[in-house]
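Notebook open, structure on screen. I wanted to look up a few strands and how they pair.

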Amino acid sequence: MTTHFIGFAKLIAIVTVTGLLASCMGKGIINLQSGNADATQTWLNGEDSFAVPFVWHDGHIIIEVAVNDASSLRFAFDSAAAATVLFDTSRTKAVALDVERPLNLQGRQVNVVNNGVIRVGDLELSKLTFIHVPIDQNPLFSDYDTAYFDGAIGYDLLNHFNITILFAERSVIFSKKGKEDKFSNDKWVKLPLSISGRIPYVDATIKNIDGVETKYAFVVDTGAPDFVYLNEQLATDFTFPAESFETQTQNFDGKHIYKTSRINFFGLANEKFQAVAAHDLPHFKDAVGVGLIGSGLLRKFDVHFNYQESYIGFAKNKLYSNNTDIDRSGLVLEPHRLGGIVEQVAENSYAVELGITATTIVKKINGVELTEGNFDELRGLLSSEAPYVNVCWQASGTTKCADFKLKDRISF
């Protein structure tokens, strides 16, 4: 399980309000309000499309980008990122930034940066305004050792290019607008896509309290790593299951407690998922939708975004299954330079018996060292049906190994 869903969906609204309250609005605030209308986009490839590979890390789609004079940076491709964000990390400390002004973002001091140049594959975005977040103001990372990606980008790409995510192949395809023939065949299910506040929404179905399939709008959020997130208070005539467990999360929306369980049904793109892992987010506020569809569910498809023609396409891929796993360990494990850091431990987990606490560094799972390349795969073993996994951890200068017992945390 990860608690790091990025939480940028409402960032642009906060920036807008903050900017309006400012005594003198600079061009950066105005540019952010307009969705970077003053930025330019240059297509540098001789073909109509090109591919950029991605890696999975902590449930995020990580692509390589260049920002100003720094290359090989790691950005999350986050479809709900209404503004581009650069984090202060060990890789970005030396990036030259044209800072227009500081900005108070829900009590955190961030910077408005102008004249940014961001290159993704054979695309170059210039005259871009983005948000820079210092390391001591970043709710996702406690220090440079835990800052495993350098920023996030979404709307500034999606608004100008058609983008296809081939989840099984771990590839993002960028295309010029108007090249749509291959998305009209029987493989693809095309659904209306609405854009509100620079956030994409699609309709999906869940069953209400009477067992009737009911349609609700959800954010399509590749920056949310798990399966389904919703606020039961927003979904009329829907009740989140009583049997659940709680986890604390902290992101740009603040620090909150959410519940995890399984809802009995979720319908998307003509597919019907049963016993779906879901989170209830009581703090989630939205005038359009009731929740988020995260990359855990999206990755069962190839997904095509077309903002120009207002649709999204889904095609089942080889990763497709009805399974949606839930953590069986009671550990919240996040990436760290030395392996994985335990951020939270459930009171009734086997970790308590072993003496594993928050801030413990997990070095190996089933004898394999945790690295950037295998973190998601190894952490996924904590959600497996196995009776136990072998875990090696480091605390107080010593390394210990033991068989860690796994157990179901909900019975549904």
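I started at leucine 268, whose bridge partner in β20 is glutamate 271. Strands here are DSSP runs of E, at least two residues, numbered from the N terminus. This is a predicted model, where local features need pLDDT of at least 70, side-chain atom pairs count only at pLDDT 80 or more, and totals for chains, interfaces and linings use all residues. Residues are numbered from 1 along each chain as its sequence is written, and side-chain values use heavy atoms, with hydrogens and water left out.

I then followed β19 (residues 254-268), which runs antiparallel to β20 with nine bridges; two strands pair if DSSP finds at least two bridges between them. Their hairpin has two residues between the strands, and alanine 269 takes a positive phi near 55° there.

On β17 (residues 228-230), I found three bridges to β20, this time parallel. Valine 228 has alanine 278 as its partner in β20.

Is β20 mostly covered or mostly open? Mostly covered: seven of the ten residues in 271-280 are buried, meaning under 20% relative accessible area with a 1.4 Å probe, protein chains only.

Next I looked up an open sheet of six strands, order β2-β12-β11-β22-β23-β13, with antiparallel pairing. Its edge strands, β2 (49-53) and β13 (189-192), each pair on one side only.

Last stop was serine 175 in β12 (residues 171-175). Serine 175 counts as buried because its relative accessibility is 7%. Serine 49 is 126 residues away in sequence, yet the two C-alphas are 4.2 Å apart.

Key. Helix = DSSP H or I, 4+ residues; strand = E, 2+ residues; numbered from the N terminus. Buried < 20%, exposed > 50% of the residue type's maximum accessible area, 1.4 Å probe, protein only.
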